[in-house]
Structures are given as structure tokens and as C-alpha cells.
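Here is a short report on a protein model.

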Amino acid sequence: MNKYIDSRKHKEERPVIAICYDFDKTLSPTDMQAQGFIQSVGCDVNEFWAESNTLGEKNDMDQNLAYMLTMKQKSEGKVLFTKQQLAEYGSKVDLFKGVDTWFKRIKRYGEKQGVIVEHYIISSGLKEMIEGTKVADDFEKIYATSFYYNDNDVAVWPAQVVNYTNKTQFLSRINKGVLDISDDASLNKKMLDNERRISTSNMIYIGDGYTDVPCMKLTKDNGGVSIAVYHGENNDTAKNLLRDERINYMAKADYSLDSEIDKIVHKTIKAMAINTELKNITYKQNRGI
């Protein structure tokens, strides 16, 4: 039995707003594995994913576990399959326009509004590759699929699998300030709403498709804001999510200054800052009755 470990991040004096992101096709145009790794093992991108998906379907296997096994098998005798090498592939991953400056810009805007803005990744992609990108240090925490490595730094076994059905647990961790995934005791401990570090109404979730729906819907239904981004003119998925009331807004995946998503997030942060002040006034007045 695991002993109780209190690894919580506790509430600050200033309100905290969490912006949570998917990665592939949200911050980057394509799947990260298709931006160097698949080519390095001599595979066609479409054939790699077809083989991986077939492996999962034939064996009742989680699709993330299927792609992890396919990556490991395809790398044998061809390329090193180490944590360092995966980070190297990550360093070459393309990002949408404006992403490289987005996180610091949004944090600065939050400071002007009197709030702390924190950025989080919740992705089915590989943590090791995300950690190799040039924006990795901008995230408070990266929740993503990852491998366990032996003493030689070689990937030997899945350590964590993040899929669309379990993504929502990480919103709960961020909400309570229990960021360590090994700390289930703190996560499951009863916590009053006013003790939680980041209210769900102070969360923004940004994703691109149907695998993000559980997080989008949970965030939106609890007073937060969900945004679907789309690439180029192919915005049918985002339109459907908006029509079905899964999201609050849709925007092109352009994170440049004064872009559509930039303006939406600025206004959202400002509104959240004002609403938090009003809630605090209500709370103080109710305590005085």
C-alpha cells in the first residue's frame, strides 16, 4: 500500500489560470512521429500508422500501446531507441506559426491582469519528444505517453499511456494542484472547492479534434473555456464541435500576436480575472454574515 504523500501545489495569493493543450495538430501541424522518426526507420508514414492501427485492432490493444510497440519494433537494427534520441527527434518537430513565442506572451498578459497563467500539455504523443522541443521549458507540466528506460537509456516498456478517455484525470490533478502522477492519495483526498488550487472555471483547454472532446466538454461544462483549432481551411471538425456545443470557440491554428486565438485567449483571461475577483467578494461577504 502506498503511503500518503502530500505533493500538492497550494493556492497562491493571486488567482491561477491553467491553459491545457493537446500537442499533435494543436501546436504542431502533424503527428510528431511523422516528422523524422518514421522516415528514419525506412517507413512510409501512412503505412506505419496503418500497421500500428491494425496491430491494435487485431489484439484488442490500446492504440497508444500499439504505436509504441510499432515504434520499438521498427527501430530494431536501424536506429537507437533511447530517450536522448527521441528528444532529438522532438527538437526537429515543426510548430504552428507563433507557438514559439506564445507561452511567454500569454504569461505576460496574465501578469498585467493580476493573475498567474500556467501552461500544461495533455497529449497522447510521446513525452520524450515533447521534452525535446524548443518550447518544453514553457510548460508547468507535460502529461503525455512515455516509455520506461533501462540503465543504457533504451526504451523497454510503457511507463505511461495518455489516451482520450483518461485525459480528464489530468484536469483533476491540475485543479487540485496534485501534479505528481504517482500521488493518488492526495488526488483522491476530499477537497473543498475553495481549497482547490485552480478552479475549473479558470481553465482553458485547447485541442483540435474528437479525441479532445472529453476534456473540452468537462472544461466547458464546469465554467471553463474550450477552444478547437484547425489547420488551413479544413475546419469541418471545429465547426461540428461548435455546433454540438462541445466547445466555446474555434480558431485557426495561428498563435501569432493579434491572431484570432490570441484575441480570444486575452479576452478569456481578462474575464476570468474579473469573475475571480467577484467570486472572492461574494465569498468574503458570505463569511461575514
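## Strands β1 and β2

Ile-17 stands opposite Val-117 of β2. The two strands, β1 (residues 16-21) and β2 (residues 116-126), pair in the parallel sense over 6 bridges. Two strands count as paired if DSSP finds at least two bridges between them. Helices (H or I, at least four residues) and strands (E, at least two) are DSSP runs, numbered from the N terminus.

The model is predicted: local features need pLDDT of at least 70, side-chain atom pairs count only at pLDDT 80 or more, and totals for chains, interfaces and linings use all residues. Residues are numbered from 1 along each chain as its sequence is written, and side-chain values use heavy atoms, with hydrogens and water left out.

Helix α5 (residues 99-112) lies across β1 and β2. Its direction is at about 150° to β2. Axes are lines fitted to C-alpha atoms, for helices over the stretch in contact, and angles run from 0 to 180 degrees between N-to-C directions. Contact means heavy atoms within 4.5 Å.

## The whole sheet

Strands of a sheet pair through backbone hydrogen bonds, either parallel or antiparallel. Here 7 strands form an open sheet with mixed pairing, in the order β4-β3-β2-β1-β5-β6-β7. The edge strands, β4 (155-160) and β7, each pair on one side only. From one strand to the next, the twist averages 25°.

## Strand β6

How many of the 6 residues of strand β6 are buried? The count is 6 of the 6 (residues 225-230), so β6 is largely enclosed by the rest of the structure. Buried means under 20% relative accessible area, exposed over 50%, partly exposed in between (1.4 Å probe, protein chains only). Val-225, Ile-227 and Val-229 cover one face. Ser-226, Ala-228 and Tyr-230 are on the other.

Strand β5 (residues 203-207) runs parallel to β6, joined by 4 bridges. Gly-207 has Ala-228 as its bridge partner in β6. From β5 the chain crosses through helix α9 (residues 213-221) to β6, in a right-handed β-α-β crossover. Right-handed means that, with the strands pointing away from the viewer, the path from the first strand over the helix to the second runs clockwise.

Another 4 bridges join β6 to β7 (residues 249-252), and these strands also run parallel. Ala-228 stands opposite Met-250 in β7. The chain passes from β6 through helix α10 (residues 236-243) to β7, and this β-α-β crossover is right-handed.

## Aromatic rings

The whole structure holds 11 aromatic pairs. Rings of Phe, Tyr and Trp (its six-membered ring) pair if their centres lie within 6.5 Å; planes under 30 degrees apart count as stacked, over 60 as edge-to-face and the rest as tilted. Trp-102 and Tyr-255 have ring centres 5.1 Å apart and planes at 80°, so the pair is edge-to-face. Trp-102 lies in α5 and Tyr-255 in the loop between β7 and α11 (260-288), so the pair ties together parts 153 residues apart in sequence. Trp-102 is buried at 0% relative accessibility, and Tyr-255 is buried with a relative accessible area of 0%.

Elsewhere, ring pairs link Phe-37, Phe-81, Tyr-89, Phe-147 and Tyr-149 into a cluster.

## Lys-167

Lys-167 sits in the loop between β4 and α7. Is this lysine buried or exposed? At 1% relative accessibility, Lys-167 counts as buried. Its side chain makes a polar contact of 3.0 Å with that of Asp-212. A polar contact is a pair of N or O atoms within 3.5 Å; within protein, one must be able to donate a hydrogen and the other to accept it, and residues adjacent in sequence count only if both atoms are side-chain atoms.
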